[in-house]
Amino acid sequence: MADPHTAAFMDRAIALAYEGMEGHHGGPFGAVIVKDGKVIGEGHNRVLSGMDPTAHAEVTAIRDACANIKHFDLSGAEIYVSAMPCPMCMSAIFWARIGKVYYGCTAADAEAIGFDDAAFYRELAKPPEERTVPAIQVTESHAAALACFQAWADNGAKTHY
């Protein structure tokens, strides 16, 4: 049997999805971030209201959680989302160091209503230069870009993340 808190957090994520949808903020997606049994961040899709294609529920919830705890590292937290995160959101979850994802709808469910995240996963599996949006290395700039990376590596005062 599932932890009763899991259902409550999922119910909140779904309620946030409705809230955003009914407010014409964006699609039917909501997210709740929990650490040590307490909600530290929430969000819903704000792509339309914010005119921001990156304002997915997971991203807005991560931004909210980080602002609330005043730190960029969400290690030890869990995220509850109304649907399986898209590749961008999964990347944000990895960067935030969130430890576990709980989701309601599958990627196939999202595809059935017009959100084809599976297409993005297929594109990312291709070599960079063969994608619909090709990624092409500018080899003439590699040395200069690498020098910038080396400056970062050599900076003893940097904050690791």
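A disulfide is a pair of cysteine sulfur atoms within 2.5 Å. This structure holds zero disulfides. Cysteine 66 is in none, and the nearest cysteine sulfur, that of cysteine 89, is 14 Å away. At 16% relative accessibility, cysteine 66 counts as buried, where buried means under 20% relative accessible area, exposed over 50%, and partly exposed in between (1.4 Å probe, protein chains only). Cysteine 105 is likewise in no disulfide, with the nearest cysteine sulfur, that of cysteine 86, 15 Å away. Cysteine 105 counts as partly exposed, at 37% relative accessibility.

The model is predicted: local features need pLDDT of at least 70, side-chain atom pairs count only at pLDDT 80 or more, and totals for chains, interfaces and linings use all residues. Residues are numbered from 1 along each chain as its sequence is written, and side-chain values use heavy atoms, with hydrogens and water left out.

A nonpolar core is a set of buried Ala, Val, Leu, Ile, Met, Phe, Trp, Tyr and Cys residues joined through side-chain atoms within 4.5 Å. The largest one here has 18 residues, and Ile33, Ile62, Leu74, Ile79 and Ile98 have the most contacts inside it. At least two residues of this core come from each of strand 1 (30-35), helix 3 (57-69), strand 3 (77-83) and helix 4 (87-96); helices (H or I, at least four residues) and strands (E, at least two) are DSSP runs, numbered from the N terminus. Helix 3 gives the most, with five residues. Apart from this core lies another, of seven residues, among them Ala13, Val32, Val34 and Tyr80.
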